[in-house]
Structure formats: structure tokens, C-alpha cells
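Have a look at it first, and then we'll go through it piece by piece.

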Amino acid sequence: LLQSGWVALVIVAGLVVTFASKRLDPVLALCFWFTTYFLVYHHVWEHHYVMLLPVLVALYHRYRHPGVLAAWALVAIWTPYALIDPGGMAAFHAPMRWTPLDPPVVDVLYHASKALPTLGLWVAQAWLMARPQPAAEPC
């Protein structure tokens with residue numbers, strides 16, 4: 001129920017932002033909805049985040065904002081699995097790679113290392129889409 005509510009919230013918020021935008025920028029909208037995938041799909045593994053590279057490149061090329069580089073760095077660094085499995089047992093015991101971690105807060109923190117920077121990127125894109133466009137300068 002919590003996951004379904006989260007998915008509904010993200011999709012509805014995304015639709016509101018998209019359709020409320022006065023002048024929709026197609027590149028920004030595509031980046032926004034591509035990033036939305038990572039917030040609504042329930043089986044995003046660490047190696048899937050490489051699919052954020054086109055979004056990060058497009059956003060940095062367009063805006064040259066250091067926040068895009070920060071999001072890239074946070075998504076690019078290794079997930080802190082060594083802190084959870086210091087003995088490296090997951091390399092030998094495969095079910096440890098996909099079973100939920102115990103206690104559940106560890107599982108949340110583990111996935112948050114990628115999900116929070118992605119959420120920040122999504123919020124920044126939503127803000128860019130929702131903000132009023134600057135008025136054209138008079139001739």
C-alpha cells in the first residue's frame with residue numbers, strides 16, 4: 001500500500017507539473033519523465049543507474065549547474081555495501097544480493113544512497129518545469 005501510494009504521488013505530481021508548464025521544453029520533459037522511472041519502478045538495481053547518464057549529460061549541457069555534477073557524483077559512487085557486508089559474504093552467498101536486509105532501516109539506508117540523489121534531481125527538474133519563464137526582453 002505504501003509503495004502504491006508513493007507511485008501514485010510521483011505520477012500525479014509529474015502529470016501536474018508537466019501539464020501546468022506554460023511552455024513545455026521537450027528535452028527537460030523527457031529528462032524529467034526518464035528520471036521518474038527510477039522513482040516509481042520497484043526493481044531498480046545499482047547498475048540501472050547508468051541509464052541516468054543521458055539525463056545528467058543533457059541537463060549539465062543545458063544548465064551548467066554544479067548541482068547536476070553533485071547528483072552525478074552521488075549516483076556514481078559505490079553503494080555502501082561494504083558497510084553492510086564487511087566480510088564480503090554476498091560474493092559467495094548469492095541470495096544475500098537480493099533479499100531484504102535486516103533490520104529494515106538498513107535496507108532503506110542502503111537504497112537511499114542512490115534514491116535520494118535521484119529524488120533531488122527529479123525535484124530540481126520539476127522546479128525547472130514549473131517555474132515561470134522569464135519575460136522576453138523588449139527590443
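## The overall picture

How many helices and strands are there in the protein chain? There are six helices and zero strands, where helices are DSSP runs of H or I with at least four residues, strands are E runs of at least two, and both are numbered from the N terminus. So that you know what you're looking at: this is a predicted model, in which local features need pLDDT of at least 70 and side-chain atom pairs count only at pLDDT 80 or more, while totals for chains, interfaces and linings use all residues. Residues are numbered from 1 along each chain as its sequence is written, and side-chain values use heavy atoms, with hydrogens and water left out.

Reading from the N terminus, the elements go α-α-α-α-α-α. Of the 139 residues in the protein chain, 28% are buried (under 20% relative accessible area; exposed is over 50%, partly exposed is in between, with a 1.4 Å probe and protein chains only). Take the contacts (heavy atoms within 4.5 Å) between residues at least 6 apart in sequence: 68% of them join residues at least 24 apart.

## Where α2 meets α3

Helix α2 (residues 26-40) and helix α3 (residues 53-63) have axes that come within 10 Å and cross at roughly 145°. Those axes are lines fitted to C-alpha atoms over the stretch in contact, and the angles run from 0 to 180 degrees between N-to-C directions.

Which residues make the contact? From α2 come V27, L28, C31, F34 and T35, and from α3 come V55, A58, L59, R62 and Y63. They split into eight nonpolar, one polar and one charged (Ala, Val, Leu, Ile, Met, Phe, Trp, Tyr, Cys and Pro count as nonpolar, Asp, Glu, Lys and Arg as charged, and the others, Gly among them, as polar).

## The buried side of α4

Now on to helix α4 (residues 66-76), whose buried residues are V68, A71 and V75. These cover an arc of only 60° around the axis, so they sit on the same side of α4; the arc is that of the directions from the helix axis to the C-beta atoms. Their cover includes α3 and α6 (104-130).

## A look at Y60

Y60 sits in helix α3.

Leaving aside neighbours within four places in sequence, Y60 is in contact with H65, V68 and L69. W72 is 12 residues from Y60 along the chain, and their C-alpha atoms are separated by 9.8 Å.
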